[in-house]
Amino acid sequence: VPILTPPLRERLEDIPALAHHFNAKICRQEEIPMRRFPPETLSRLAAYPWPGNVRQLENEVEKAIALSGEREALYPSDFPLPSAGALKAVLQVPAIALPDTGLDFERTVGSIERQILDQALSKAGGNKTAAAGMLGLKRTTLSAKLRSLQAGAA
């Protein structure tokens, strides 16, 4: 039975609960004390549009916990997310005119995906971990996408 859930950007009220859930999950796994989210941190998280959806939020909480050291709180500075304006500029998809004869959907989407991955890798100087972070992906997911696109091109 398919369960349709709107993207996280349409469920901003869920962000605090999800952040607390991921905090508890990660801290339990790592056997470390849970971190606290001051109100300004939760406001920062709720102001971001989360193009990577819930998975991106989880990755950002995990990074913040890892980099916070022994601190008991996670602050807005622990979440270096791009500004909404910068994100909007990056996420603008070029208009694609659908010819009357149609187009190859998979090839077209693959081409766009490839361009985005190539840009992220270029901006990250070839560092897959950094590129994945820019895209709200895990490094392994980025690598799998690159392999898939490479196989499709062969």
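Rings of Phe, Tyr and Trp (its six-membered ring) pair if their centres lie within 6.5 Å; planes under 30 degrees apart count as stacked, over 60 as edge-to-face and the rest as tilted. Keep that in mind for the first exercise.

The model is predicted, so local features need pLDDT of at least 70 and side-chain atom pairs count only at pLDDT 80 or more, while totals for chains, interfaces and linings use all residues. Residues are numbered from 1 along each chain as its sequence is written, and side-chain values use heavy atoms, leaving out hydrogens and water.

**Exercise 1. Find the aromatic pair and classify its geometry.**

Step 1: Searching the whole structure gives one aromatic pair.
Step 2: The ring centres of Tyr48 and Trp50 are 4.7 Å apart and their planes stand at 80°, so this pair is edge-to-face.

**Exercise 2. Describe how helix H1 and helix H2 meet.**

Step 1: Locate them: H1 covers residues 15–30 and H2 covers residues 39–47. Helices here are DSSP runs (H or I, at least four residues), numbered from the N terminus.
Step 2: Their axes come within 9 Å and cross at roughly 115°; axes are lines fitted to C-alpha atoms, for helices over the stretch in contact, with angles from 0 to 180 degrees between N-to-C directions.
Step 3: H1 and H2 are therefore roughly perpendicular to each other, a label for angles of 65 to 115 degrees (under 35 is roughly parallel, over 145 roughly antiparallel, the rest oblique).
Step 4: On the H1 side, Ile15, Pro16, Ala19 and His20 make the contact, and on the H2 side Leu42, Leu45 and Ala46 do. Contact means heavy atoms within 4.5 Å.

**Exercise 3. Work out the setting of Ser68.**

Step 1: Ser68 sits in the loop between helix H3 (53–67) and helix H4 (84–91).
Step 2: With a relative accessible area of 4%, Ser68 is buried.
Step 3: The Ser68 side chain reaches the backbone oxygen of Ile65 at 2.8 Å.
Step 4: Leaving aside residues up to four places away in sequence, Ser68 touches Arg35 and Leu74.

**Exercise 4. Sum up the whole protein.**

Step 1: Count the elements: seven helices and zero strands (strands being E runs of at least two residues).
Step 2: Of the 154 residues, 31% are buried.
Step 3: The C-alpha trace spans about 60 × 35 × 30 Å along its principal axes.

Notes. Buried < 20%, exposed > 50% of the residue type's maximum accessible area, 1.4 Å probe, protein only. Polar contact = N/O pair within 3.5 Å; in protein donor to acceptor, adjacent residues only side chain to side chain.
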